[in-house]
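Grab the coordinates and work through these exercises on the spaces and the ligand shell. Each one has a task and then a solution in steps.

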Amino acid sequence: MTQTAVQTEAARQKQVREAEELLFTGPQRLGLAKGLFLGRFVADWVMPYPALPPSQADATERAVTEVRQFLDVSLDPAAIDRQSDIPREVVEGLGRLGVLGMTAPVEFGGRGFSQMAYCQVMEEIGGRCASTSIFTNAHHSIGIRALLLFGTPEQKRRWLPPLVRGEQLAAFALTEPEAGSDAANVQTQARPSADGSHYILNGEKRYITNGAIAQVLTVMARTPVPGKSETAVTAFLVTPDMPGFVAVEPRMEKLGLRGTATARLAFRDMRVPRENILGPLGKGLKVALTVLDFGRTTFGACCTGAAKTCLRLAVQHANTRKQFGRTLGEFELVKKKIARMAAGAYALEAMTTVTASLIDRGLEDYMLETAILKVFSTEAVWMLVNDAFQVHGGAAYFTDRPLERMLRDA
Ligand SMILES: Cc1cc2nc3c(=O)[nH]c(=O)nc-3n(C[C@H](O)[C@H](O)[C@H](O)COP(=O)(O)OP(=O)(O)OC[C@H]3O[C@@H](n4cnc5c(N)ncnc54)[C@H](O)[C@@H]3O)c2cc1C
């Protein structure tokens, strides 16, 4: 082999090792997606179709109604888009209603909701304002998720209550200039201090939702592997008051989701106490990807909400706008678009519900299902927004209707 071929093979083997490290290792049952790959349909995971137990169903319905009433009065998605900010009253209101800590255990001030129940709430928000739903997702589904899943009892007691109440906001910082899809390629370094009491972080993060408005961030950085010359990713709890924390660009200007504050951050000799390590040392990638599984599930719910809004808007328009002496909905080509939209919204809701139920039912490894949901939901919502856009014709293009914003957000 040439030297280049040897290097390529070494890089490939390293990637395989990293991927294998991320796979679930404990005893596990065969999941839905893996089963399909292996030619087996494990019906138990989807049949009967998942439903909330009656005790949870009532509380969930009440929560959705409360959120709906609050959003009816307090949420102005067009203003959020125009002003590139989510008003403090909206954030406080969501906190008051328990939305910012809904799946956290009651002992930390949360509502103890299941993933399926929480998805119903997120669908309600996603149907109105993508910025607000992504803000909520970044705080709750990924921001505090590592603490909920991997925090020690002491860490949970210390950090969770104000986050769960929404008095503090959370963010999740994995992405860097060199670590996008290749999440394992995190370059931020965390060097232990001489006395071992701290880690000193140096590096950059970008595209971090809530990054510069959060009071607590889960940050991924490379730590030395004891006894080896290698480094591995570790998760740290970071607060912006730590000297060396720099919000380089607190709100990166962007196409859509303008209400969310997406930040570029830098850490310059930032000292983080050793007790802020979240999860096992060197297992941060596993922490990160498990957290993202949850974010992908509620993200599916946000897209389901947006999809249903597109369908509703298209039906309303098709039933009222007349051309050639008939309402648009009487034309076969428009009917076909609406039928396709209905099918997409139905599939999105079903896929989100099933995926959330896998987590609730205790399936050990749902990485494939959440990845499938993320791919499908983003593509489906793009298709639905486009179809709604086409049904509206020129009217969709103007800012007095939500569709141009929804297209940018999608
Ligand atoms: C609005 C917004 C909010 C975000 N919020 C957060 C956040 O809160 N926290 C956080 O950590 N990150 C966040 N991100 C970052 C997001 O997770 C990354 O954008 C994502 O991981 C992709 O990385 P990248 O943008 O560097 O794209 P790249 O990795 O550069 O990919 C570019 C394109 O190449 C494709 N590609 C890459 N590798 C392959 C391959 N092997 N084979 C085929 N195609 C490939 C990708 O699919 C993509 O289409 C956010 C991003 C956005 C846009």
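**Exercise 1: the largest pocket**

Task: find how many residues line the largest pocket, and which lie nearest its centre.

Solution. Start with the count: 48 residues line the largest pocket, and nearest its centre sit Ile142, Thr209, Leu292, Phe299 and Lys374. Next, the elements that each put two or more residues into that lining: α1 (3-22), α7 (130-143), β3, α10 (284-320), α12 (367-392) and α13 (403-409). Of the elements, α10 gives the most, with nine residues. By class, the lining splits into 26 nonpolar, 13 polar and nine charged. Finally, the space in this pocket comes to about 1,400 Å³.

Some ground rules before you go on. This is a predicted model, where local features need pLDDT of at least 70 and side-chain atom pairs count only at pLDDT 80 or more, while totals for chains, interfaces and linings use all residues. Residues are numbered from 1 along each chain as its sequence is written, and side-chain values use heavy atoms, with hydrogens and water left out.

A pocket is an open set of points on a 1 Å grid over the protein atoms alone, with protein on both sides within 12 Å along at least five of seven lines; a cavity is a set where a 1.4 Å probe fits but cannot get out, and lining residues have an atom within 4 Å of a point.

**Exercise 2: the ligand shell**

Task: list the residues around the ligand, then pick out polar contacts (pairs of N or O atoms within 3.5 Å).

Solution. First, the shell, counting residues with a heavy atom within 4 Å: Phe172, Leu174, Thr175, Gly180, Ser181, Tyr207, Ile208 and Thr209. Strand β3 (residues 198-209) gives the most to this shell, three residues. Sort by class and you get four nonpolar, four polar and no charged.

Now the contacts. A polar backbone atom of Phe172 is 2.8 Å from a ligand nitrogen. For Leu174, a backbone N or O atom lies 2.9 Å from a ligand oxygen. Thr209 uses its side chain: an N or O atom there is 2.8 Å from a ligand nitrogen. As for cover, the ligand alone exposes 980 Å² (Shrake-Rupley, 1.4 Å probe), and the protein buries 41% of that.

**Exercise 3: the cavity**

Task: how many cavities of 30 Å³ or more does a search of the whole structure find, and what lines the largest?

Solution. The search turns up one. The largest cavity holds about 50 Å³. Its lining is Gln28, Gly31, Ala33, Lys34, Asp365, Met367, Leu368 and Glu369. The largest share, three residues, comes from α12.

Terms used:
A polar contact is a pair of N or O atoms within 3.5 Å; within protein, one must be able to donate a hydrogen and the other to accept it, and residues adjacent in sequence count only if both atoms are side-chain atoms. Helices (H or I, at least four residues) and strands (E, at least two) are DSSP runs, numbered from the N terminus. Ala, Val, Leu, Ile, Met, Phe, Trp, Tyr, Cys and Pro count as nonpolar, Asp, Glu, Lys and Arg as charged, and the others, Gly among them, as polar. Grid points are joined across faces, edges and corners, and a volume is the space filled by probe spheres set on the points.
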